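Me: I would like to go through this structure with you and ask, term by term, what each description rests on.

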Amino acid sequence: MKIGIIGGGASGMAAAITASSLGADVTLFEKNERVGKKLLATGNGKCNLSNRHLTADCYHSETPHRIQTILEQWGTEDTLDFFHGLGLMTREKNGGLYPLCEQASAVLDVLRFALYGVRCETGHRVVRAERSGGEFRIHTKKEGGQSSHTFDKIILACGSRAGLKSSDTENGLELAKGLGLAGIPFFPALVQLRCQESCFKALAGVRCQAKVTLEAEGNVWQERGELQLTEYGISGIPVFQLSRHAARALVRGKKSRAILDFLPDTEAQEWKEMLRERMRYAGFQTAEQLFTGTVHKKIANVILKNSHISPGEALSGISEERLLRAGEQMQCFPVTVTGTNPVSQAQVCGGGIRLTEVTNTLEARKQPGLYVTGELLDADGRCGGYNLQWAWATGVIAGRDAAGRRERTDSRRKPACGRFEEIR
C-alpha cells in the first residue's frame, strides 16, 4: 500500500509512523526543511502532550457530537503508551502530560527517530492533489523544479493557518476542497484579543489573577487565571480559552464584550463591606492610598481616572457613593473586543473540514482513500494538551486505517530498553 501524507506536523508524523509500522510504503511531504517545526513551540517549549482530564467538552466544533466518537478510539492512555513505546519518559503536572525533561525537542526527536522507515520529502510544497482513476496524484514544488507522485491513498495532515505568516501560501483547506470536501473558513482561536478602550496603553505589562467573562452572540462564557494586559487589549490563558468565541462573533460581523474581575476570590458584597470598613478608618488618606494593596497600582489609577477621581485627592472630599462606584469597577471592568491578533500569533484555528465529511476512521465519505487529520478538521481544543491529543489521535486512526488495519492494534516500535513508565 503506497500512502502519501501531506504535512509533517504532529498528526502527519503520527500517521506516518503508524502506517509504516503496519507495512505500508509511506512518503511524507513537508514544506519546511524539517518536520515538526511548530511542535517545538508548544507548551511554551515544554510540549504539553496530552491531558488526564480529556473529554469531548474540551473541544469546539460545528458538529461536537463527532468528537467523542473519535476520542473513544484513541485516548490519553493510548498516547502515553505510544510515546513510552518510542522511548519517551513523561511526567504529569496538574493533569497535563509532558516529557520528563520538559523539552519539546525531545518529543520531536523520538518522533523523528521513529520515522526511519518513512520517506521524508522536506522542502516540498504541495501545490495540488487530485484523483486520477483509482489513484491519487500529488504535485509538489521545490526549489529547482516541480514533480508528481502517485499513491493508493493520501492523508491530508497539513494543519490550519495558525502560526503561519501571510506569505506562507500553502492552504490545506484549499487542497481538501479541491478533492471535493466541504469546510469552514479558518479563524483564529487561542489568541490574544484586541479592545477599543484607550486605557490599555496605561495598563500594558500588568499581570494579575482575574476572572474573565465573555459575552458574545447572546452567550456567556467564563474563565479565570493569570490575565495579561497589553497596550492593545487582553491576553493570558483565560483569554485564550475564550478567544475563539469572540473570533467567531467577529467573523460574523459582531463585536463582543469582556468583563474583567480583578478580585476573583472576593464576593461583591464582601468587597463592598471591606471597602466601607477601609473608608471608615482611612483618616486623611488619599484615594490612591485607599486602594493600595487591593489591585495593581496601574489598574487602580485607571479606575480612579474613569471615576473622575484624582489619585492624590483627599478622601474627605469624595462621597462614599463615588468611591463605592470606583470599587465596583475592580470586579466589573467592561471592555469591548474589536478584533484578535493576526492568525500568525494564534496557537490554533477554528474551522476546517467538517467532521460530517469523514467517517469514524477519518476517511472522506465522498472520496474513499482520502483521509483528513489534525487541525485541518473542524475541531479545536482548549489550552492544556488537548490540541496535541487530537493530533495524535486522528493521525494514528487515519494511519492505521489507511494501512488496512481497522481494528485496534499495537503499531508501536518498542525501543530496545523496553517500556518506560510514567513518572508523576
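Me: Where is phenylalanine 284 found?

Reply: In this predicted model, phenylalanine 284 lies in the loop between H8 and helix H9 (287-290).

Me: What makes phenylalanine 284 count as exposed?

Reply: The term exposed is kept for a relative accessible area over 50%, and phenylalanine 284 has 85% relative accessibility, so it counts as exposed. Phenylalanine 284 and leucine 315 are 31 residues apart in sequence, with 6.8 Å between them in space, C-alpha to C-alpha.

Me: Which residues of H8 and H11 meet?

Reply: From H8 come Trp271, Lys272, Leu275, Arg276 and Met279, and these meet Glu320, Leu323, Leu324, Gly327 and Glu328 in H11. By class, the residues of this contact of H8 with H11 divide into 5 nonpolar, 1 polar and 4 charged.

Me: Why is H3 described as roughly perpendicular to H12?

Reply: The axes of H3 and H12 come within 10 Å and cross at roughly 80°. Angles of 65 to 115 degrees count as roughly perpendicular, which makes H3 roughly perpendicular to H12. In this contact Thr76, Thr79, Phe82 and Phe83 in H3 meet Gln389, Trp392 and Val396 in H12, and the residues divide into 4 nonpolar, 3 polar and no charged.

Me: Which residues of helix H4 are buried, and what covers the buried residues of H4?

Reply: In helix H4 (residues 104-114), the buried residues include Ala104, Ala106, Val107, Leu108, Val110, Leu111 and Ala114. Their cover includes helix H1 (10-21), helix H3 (76-85), strand S6 (96-99) and helix H12 (386-402), and the H3 and H12 named here are the helices whose axes cross at roughly 80°.

Me: What makes glutamate 217 partly exposed?

Reply: Partly exposed lies between the limits of under 20% for buried and over 50% for exposed, and glutamate 217, with a relative accessible area of 27%, is therefore partly exposed. Glutamate 217 sits in the loop between strand S14 (207-216) and strand S15 (219-229), and it has a positive phi of about 50° although it is not a glycine.

Me: How many residues does the protein have, and what percentage of them count as buried?

Reply: The protein has 424 residues, and 55% of them count as buried. It contains 12 helices and 21 strands, and its accessible surface comes to about 18600 Å², with 47% belonging to carbon and sulfur atoms.

Note on methods
Residues are numbered from 1 along each chain as its sequence is written. This is a predicted model: local features need pLDDT of at least 70, side-chain atom pairs count only at pLDDT 80 or more; totals for chains, interfaces and linings use all residues. Side-chain values use heavy atoms; hydrogens and water are left out. Contact means heavy atoms within 4.5 Å. Helices (H or I, at least four residues) and strands (E, at least two) are DSSP runs, numbered from the N terminus. Ala, Val, Leu, Ile, Met, Phe, Trp, Tyr, Cys and Pro count as nonpolar, Asp, Glu, Lys and Arg as charged, and the others, Gly among them, as polar. Buried means under 20% relative accessible area, exposed over 50%, partly exposed in between (1.4 Å probe, protein chains only). Accessible areas come from the Shrake-Rupley method with a 1.4 Å probe; for residues, only the protein chains shown count as cover. Axes are lines fitted to C-alpha atoms, for helices over the stretch in contact, and angles run from 0 to 180 degrees between N-to-C directions. Angles under 35 degrees count as roughly parallel, over 145 as roughly antiparallel, 65 to 115 as roughly perpendicular and the rest as oblique.
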